[in-house]
Amino acid sequence: MAATFSAFADEAPAPDTGDTAWLLVSAAFVLLMLPGLALFYGGMVRAKNVLSTYLYSFTALTVVGVVWAVIGFTLAFGETESPFVGGMQYLMLGGDFMTALSGTIPLSVFAMFQGMFAIITVALISGAIVERMKFSAWVIFMVVWVIAVYSPVAHWVWAGSGWLFKMGALDFAGGTVVHFSSGCAALALALVLGNRNDFKRTAILPHNVTQTLIGAGLLWFGWFGFNAGSALTAGTLAGVAFANTMIAAAAAGVSWMLIEWTHGKPSALGVASGIVAGLVAITPAAGFVAPWGALVLGLLVGVICCYAIRLKFKLNLDDSLDVFGIHGVGGLFGAIMTGVLAIEGKGLVSGNAAQVGIQTIGVLSAGLYSFVVTLVIAYILKATVGLRVTPEQEAEGTDVNQHGEKAYN
């Protein structure tokens with residue numbers, strides 16, 4: 001996010017109406033990514049699990065929305081000198097929340113925009129555990145993970161006192177905070193849950209690729225708010241981030257398609273996956289690179305993620321919908337390449353070789369923290385409420401045994 005966004009930045013006498021309007025619209029764009037993600041993920045699972053897959057995303061909207069208002073926002077952006085976690089003056093969105101400014105926008109608008117980021121980050125994790133995680137365990141996991149992982153990492157990277165912020169780590173819209181942290185959490189959960197019973201034994205085919213394509217389109221649309229909104233101003237920086245988002249996603253969709261074509265036929269699912277990989281990779285770099293950098297980033301990440309998702313079969317690890325292969329690998333690649341491609345003295349191509357090291361330290365620190373804490377949360381849930389449905393319930397489908405409903409009657 002732009003370096004001026006700190007929740008305790010110097011207050012202006014009045015909010016800028018243009019900036020405020022843009023951030024309000026951007027927050028709504030990001031919210032639309034949730035039904036987009038539900039469709040994207042839901043189309044890739046079997047029909048007996050589609051509603052439960054949708055609910056992972058929609059309950060992130062509700063549960064994380066509440067947690068963010070109660071404690072998540074203040075832990076991330078509450079004023080403090082701590083490099084690790086925010087202060088508590090915005091507990092329950094109290095204090096001067098209703099009147100304070102964050103730069104040129106009301107703090108309330110900034111908080112809701114940031115809340116959408118927390119929500120989508122948690123929802124992304126669900127792609128690794130579909131078709132086998134107990135819904136009760138998922139709800140508890142969301143609450144604990146936002147408090148213990150997301151909010152502290154957001155503070156490290158985006159708050160003025162955060163240790164990675166002070167180090168100079170660049171993360172325009174969440175390659176480290178959102179994508180690599182969620183990818184590492186997804187990997188940890190998949191390890192603890194274990195593979196689906198049918199994994200590598202029989203074909204687990206998407207029940208509706210059409211839904212996945214529609215979901216990818218909604219994600220792409222919402223991502224313009226995600227990245228361009230992170231400029232926190234309705235100006236040139238937002239325009240550059242908007243253009244880079246478009247270019248990188250298009251380039252990654254093309255490169256993924258071409259890789260598939262060399263091995264046989266280009267698939268709709270492949271193009272959709274490539275688009276998302278491009279969006280992931282440009283997220284940390286959107287406001288820091290020139291359009292040619294976005295093109296390079298997109299072309300490369302489409303190839304890298306296309307091959308990365310195949311590793312789960314070689315490693316015998318059931319990351320069901322390739323969360324780590326796309327968000328983890330794409331987020332890691334994008335964060336490090338930001339240090340390479342950033343212009344105006346910020347990256348290697350403009351003379352600042354040290355930025356590559358800073359980016360590597362930042363993204364790996366956040367990812368390792370997310371992975372370890374998620375492992376702890378998962379093992380505690382496994383030992384208490386239970387983490388996984390029974391084999392019989394998995395065979396029946398989680399729609400019926402977890403929610404008493406069917407997507408198709």
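Helix α3, formed by residues 107-125, comprises 19 residues and reaches 28 Å from its first C-alpha to its last, close to the 27 Å expected at 1.5 Å a residue. The model described here is predicted. Of the 19 residues of α3, 17 are buried, so the helix is largely enclosed by the rest of the structure.

In soluble globular proteins, nonpolar side chains tend to be buried together. The largest nonpolar core of the present model contains 124 residues, and those with the most contacts inside it are F73, M133 and Y150. Helix α3 supplies the largest share of this core, namely 14 residues.

Aromatic residues were examined next. A pair of aromatic rings is described by the distance of the centres and the angle of the planes. The count comes to 22 aromatic pairs. In one of these, the ring centres of W68 and Y150 lie 6.1 Å apart with the planes at 65°; because planes over 60 degrees apart count as edge-to-face, the pair is assigned to that class. W68 belongs to helix α2 and Y150 to helix α4 (residues 135-158), so the pair ties together parts that are 82 residues apart in sequence. Both W68 and Y150 are buried.

A stacked arrangement is found for F199 and F313, whose rings are 5.7 Å apart centre to centre, with 15° between the planes. This pair also links distant parts of the chain: F199 is in the loop between α6 (175-193) and α7 (209-228), whereas F313 is in helix α11 (residues 311-315), 114 residues apart.

Beyond individual pairs, one aromatic cluster is formed by W68, F73, F77, Y90, F97, F110 and Y150. Two members of this cluster, F73 and Y150, are also among the residues with the most contacts inside the largest nonpolar core.

A further position of interest is M44, in the loop between α1 (17-42) and α2 (50-77). Its relative accessibility is 12%, so M44 counts as buried. When residues up to four places away in sequence are not counted, M44 touches L205, P206, T212, L269 and L321. The C-alpha atoms of M44 and G229 are separated by 29 Å, the two residues being 185 residues apart along the chain.

Notes: Residues numbered from 1 in each chain as written. Predicted model: local features only at pLDDT ≥ 70, side-chain atom pairs only at ≥ 80, totals over all residues. Heavy atoms only, no water. Helix = DSSP H or I, 4+ residues; strand = E, 2+ residues; numbered from the N terminus. Expected span 1.5 Å × (residues − 1). Buried < 20%, exposed > 50% of the residue type's maximum accessible area, 1.4 Å probe, protein only. Core = buried A, V, L, I, M, F, W, Y, C linked by side-chain atoms within 4.5 Å. Contact = heavy atoms within 4.5 Å. Phe/Tyr/Trp six-rings, centres within 6.5 Å; stacked < 30°, edge-to-face > 60°.
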